[in-house]
Amino acid sequence: MMGGLDRNTNTRSRDYLEGMLSDYVGGKGKGKPQKSTSARLVTALTCLQFAFAVYATFLLYYMSPSIDLRTKPDFTWATKIAQQWKQYIIPPHIIGHYQDSASLVRLAEIQPITPSEVCEHEKIDFEQKKSSDAQMIKLKTELYHEVLDFQSQNIGTETLAQLMAMKSKWDLKVPNRPRVTVILNHFKRKTLCAQLDTLLQQTLPFHHVWVLSFGSPNELSLKRIVDSYNDSRISFISSSYDFKYYGRFQMALQTEADLVYIIDDDMIPGKKMLQILSHVAGTEKYKNSVLGSIGRILPFRQKDFTFPSYRKFRSKEAGLYLPDPAYDITLDKIVQVDFLSSSWFLSAELIKTLFIETPFTFSTGEDLHLSYQLQKYRNAGSFVLPVDPKDKETWGDSEHRLAYVSETTVIFKDIVQVRDDQWWKALSTGYITQWAAMHPQKIDALFYAHSVDEVKALAPVLAKFRSTVGKKAYIAVSGGNFCPCEDAATALRWPKLVCNERRFKIFDLAVGALSDISKSEVVVLQGVYASMKGLIKIHNPSVVIAVADIDPNVKKTLKMATETNGNGTTLVLLPRPSVSKVLWMADLRTTALPNWNRMRISVNIITQNRVHSLTRLLKSLSDAYYLGDEVPISFNMDSKVDEATIRLVSSFEWPHGPKTLKRRIIQGGLIRAVSESWYPSSDDDFGLLLEDDIEVSPYYYLWIKYALLAYHYDPQVSLPELSSISLYTPRIVEVVKERPKWNPTEFFKNIHPNTPYFHQLPCSWGAVFFPKQWREFYVYMNMRFTEDAKKNPVQIPKSRTNGWQASWKKFLIDMMYLRGYVSLYPNFPNQASFSTNHMEPGAHISAKDNVVKHDKSDFEVPLLKEDFRNFLPGGKLPQASRLPSLNLFNMPVSLKGLKAAGAKLEQDVIGCNNATEIVMVDHQTGLPARCARF
């Protein structure tokens with residue numbers, strides 16, 4: 001039975017096919033002889049083969065790479081051909097004859113649909129909320145005008161007419177007409193037809209419109225609407241998976257257009273919007289921007305130094321929503337905002353910036369993340385365009401659907417918290433909000449730690465900054481796997497809650513999270529650079545402080561970040577052993593700190609044949625703290641230097657800077673050996689002169705640097721009289737014949753027993769000399785040098801220096817006395833100093849022509865072996881105006897009194913009014929220039 005059934009079925013099918021083809025091939029040819037069954041079958045198969053070949057040709061054409069499948073292919077021509085062929089291939093009476101049978105081929109004609117048949121429209125059945133809170137209206141209006149006034153003064157704001165008058169690369173003419181891809185994202189709203197209608201009527205035609213439907217329950221109806229427009233430029237793209245808010249931006253990455261316009265489903269742009277937006281985007285000023293119609297300005301800092309929620313009620317600091325019809329705030333000028341809402345118009349090239357960093361969350365906040373990333377990595381701003389209130393076609397939302405409900409951004413509590421966390425995360429990783437732009441901060445130090453160990457290393461100096469009255473210091477950590485904020489807080493003994501407070505204290509840059517998968521350091525360095533650059537611009541730290549052994553690539557990144565802003569911030573890299581030794585940097589004025597790296601202090605050693613003494617000096621220099629600074633060292637040897645000394649200086653390794661060896665051909669003597677050992681190359685070049693029988697304290701360099709920053713590099717301090725800094729504290733008054741003992745600790749006990757002081761006597765047993773006065777000294781000594789000391793025209797009353805013969809110091813004393821210069825001296829218990837003189841035989845000590853007997857105990861002082869900061873008045877260097885000053889004979893005299901004494905002597909190289917004037921020099925050349933009142 002089954003076999004019979006199969007045969008009957010096959011027979012019926014064959015008869016059916018043969019009959020159909022017979023009708024087609026034979027037509028009405030009843031008079032013609034009937035062809036055999038096999039002939040008819042061959043004919044039918046030949047026709048089918050031809051039809052398949054045509055189909056395959058079309059298929060291969062549309063699979064070609066030259067065809068843009070993102071547009072909807074137009075097959076209307078194929079439909080027309082099929083309709084014409086149908087009457088020839090299968091006449092109507094044949095279709096009617098076989099319509100109840102199982103047809104082998106069925107061609108159905110699909111009737112086109114029109115938008116009017118499928119479009120749905122939403123009704124606006126609610127009224128705009130208007131605030132009746134007079135106080136809030138006043139606060140919001142004030143804040144808006146503050147923002148507008150600031151931007152008008154700093155970046156300039158234009159009306160719509162002014163914007164359209166600006167020169168632009170885009171216009172309506174074909175050669176300069178931009179290609180704009182419009183992306184519409186739809187879920188449930190019934191606004192698609194309204195959007196498509198207005199887009200089709202734009203004064204600047206769009207290039208493409210992509211209608212997106214991700215996980216929408218209305219996918220079929222949305223597709224029918226797109227199909228009904230029958231426009232090849234309009235495409236429908238759908239997915240059963242909901243890509244949420246970021247999906248449309250991901251799709252935008254695929255466009256080949258010049259510009260992209262992404263619109264929420266509740267925005268109905270006016271018919272001139274594409275033309276306006278394209279024109280503004282083509283201007284030089286706004287080409288690197290994202291433009292829109294609605295935006296928000298994020299919260300401002302409150303009086304308690306915290307930041308409120310952007311949804312905080314009755315708070316001016318909560319920020320602004322622009323435009324805000326609830327408070328009658330409309331825009332007649334372009335305004336820069338912190339992020340845009342509901343629509344975004346930007347260069348297609350800028351879209352990729354959104355995905356440089358992983359978003360804080362994919363559930364919301366794509367609007368803020370876009371503006372944040374664009375500013376952070378492309379220096380691109382976000383702007384809300386003004387409108388013509390009399391022309392709705394210039395409005396970003398011609399029906400003002402969004403404006404009918406005040407602030408329609410998400411208001412659910414959990415979403416508000418997420419968005420609050422998101423914008424605070426952006427601000428604390430370098431996002432320069434309008435508050436930050438309007439209220440530039442000024443802090444003393446911004447620390448950066450890439451690991452928890454670095455946090456621990458920097459903790460002492462960070463704590464000192466934060467505990468010092470009037471000082472501000474924050475710390476940024478890499479975050480992620482490198483240094484999580486919570487671990488850093490624990491290392492600093494701070495509560496972990498500081499990582500969640502909306503208050504400036506610690507910044508988690510989260511760059512460690514960027515390297516979870518990637519093994520490349522590029523993403524990390526990019527994140528560090530972009531975040532630190534923003535934080536530096538917001539907070540304007542005088543210094544950025546990190547450990548010296550930080551990752552070399554991160555070090556370069558920090559250097560770039562500090563130099564890029566051009567706001568005077570200096571990168572300070574501290575060796576870990578030195579961190580606890582530089583707590584005094586927190587006591588420096590904010591204006592002095594940026595000069596941390598400015599000075600260049602060189603060590604210049606005068607030596608000849610005391611290899612034992614030189615070995616001791618070199619060891620003490622090697623044991624000192626140098627804070628990571630470059631410190632050049634030079635050895636100045638006379639012609640009679642011995643072999644042992646040459647071997648020592650040649651083999652000596654100096655890791656802190658370049659080493660230079662200088663040897664005279666002809667014996668020059670001590671005057672030339674010292675005075676020619678150093679000459680400044682710039683006004684920031686300072687020379688430390690050391691004879692080889694001197695030994696220094698481990699803290700000597702810290703004393704020099706601290707004093708220079710406090711008294712020379714602080715713009716608020718004016719001390720033109722200061723010409724050198726001594727490492728040594730004298731125990732006798734050496735310029736009088738009796739050479740009485742002297743103890744500064746006892747002498748200054750009524751002021752403070754350990755106060756530093758100014759002294760008119762220069763020090764030859766360890767001192768740093770200033771460049772301007774050293775040039776001056778060169779010229780002065782050249783003009784006054786005589787072989788016979790008695791012929792020297794300068795005779796200081798009651799000074800035994802008048803008879804000094806082979807002494808460079810004698811000429812320096814004379815110059816300092818005549819012009820009122822002083823040196824800064826340390827003063828610590830038991831006259832402990834940063835250098836000591838071991839009084840070993842040499843050019844002066846034990847010389848045959850030296851009749852003065854030297855008691856070693858009068859010159860050798862103990863070296864300071866502990867942090868000198870503990871001995872200073874109040875634990876820091878006093879203000880310059882509070883330092884006492886002494887004349888050449890250790891008598892208290894004001895700085896003005898010292899100048900008066902020098903002027904009264906009337907023995908300088910040019911004559912001046914002895915009562916009111918002293919010689920002034922050209923500090924670049926050292927040459928005397930004129931007389932000036934003091």
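Colleague: Leaving aside its neighbours within four places in sequence, which residues is Met-251 in contact with?

Modeller: Those would be Trp-210, Leu-212, Phe-214 and Ile-237. Contact means heavy atoms within 4.5 Å. Met-251 itself lies in helix H10 (residues 244-252), and its C-alpha atom is separated by 8.9 Å from that of Leu-212, 39 residues apart along the chain.

Colleague: What should I keep in mind about where these values come from?

Modeller: This is a predicted model, so local features need pLDDT of at least 70 and side-chain atom pairs count only at pLDDT 80 or more, while totals for chains, interfaces and linings use all residues. Residues are numbered from 1 along each chain as its sequence is written, and side-chain values use heavy atoms, with hydrogens and water left out.

Colleague: How many helices and strands does the protein have?

Modeller: The secondary structure comes to 26 helices and 29 strands. Both are DSSP runs numbered from the N terminus: helices are H or I with at least four residues, strands are E with at least two. Of the contacts with a separation of 6 or more, 80% are accounted for by residues 24 or more positions apart.

Colleague: What share of the residues counts as buried?

Modeller: Of the 934 residues, 53% do. Buried means under 20% relative accessible area, exposed means over 50%, and partly exposed is in between (1.4 Å probe, protein chains only).

Colleague: Why is H22 called largely enclosed by the rest of the structure?

Modeller: Because 12 of the 12 residues of H22 are buried. Among them are Trp-703, Lys-705 and Tyr-711.

Colleague: How do you know that the length of H22 agrees with what a helix should span?

Modeller: The expected span is 1.5 Å times one less than the number of residues. The 12 residues of H22 should therefore span 16 Å, and its end C-alpha atoms are 17 Å apart, which agrees.

Colleague: Which sheet does H22 (residues 700-711) pack on, and which strands does it touch?

Modeller: The sheet is an open one of nine strands, in the order S19-S18-S17-S20-S24-S22-S25-S23-S27, with mixed pairing. Two strands pair if DSSP finds at least two bridges between them. The edge strands are S19 (659-663) and S27 (885-886), and each pairs on one side only. H22 touches S17, S20, S22, S24 and S25, and its direction makes about 155° with that of S22. Axes are lines fitted to C-alpha atoms, for helices over the stretch in contact, and angles run from 0 to 180 degrees between N-to-C directions.

Colleague: Which way do the residues of S25 point?

Modeller: Val-822 and Leu-824 point one way, Ser-823 and Tyr-825 the other way, and all are buried. In a regular strand the side chains alternate between the two faces of the sheet.

Colleague: Why are H24 and H25 called roughly perpendicular?

Modeller: The axes of H24 (residues 771-784) and H25 (residues 808-819) come within 10 Å and cross at roughly 110°. Angles under 35 degrees count as roughly parallel, over 145 as roughly antiparallel, 65 to 115 as roughly perpendicular and the rest as oblique. H24 and H25 are therefore roughly perpendicular to each other. The contact includes Trp-774 and Phe-777 of H24 and Phe-811 and Met-815 of H25. Its residues divide into nine nonpolar, one polar and four charged. Here Ala, Val, Leu, Ile, Met, Phe, Trp, Tyr, Cys and Pro count as nonpolar, Asp, Glu, Lys and Arg as charged, and the others, Gly among them, as polar.

Colleague: How do you know that H25 and H26 are roughly perpendicular too?

Modeller: The axes of H25 and H26 (residues 895-905) come within 5 Å and cross at roughly 105°, so these two helices are roughly perpendicular to each other. Tyr-817, Leu-818 and Arg-819 in H25 meet residues of H26 including Leu-898 and Lys-899.
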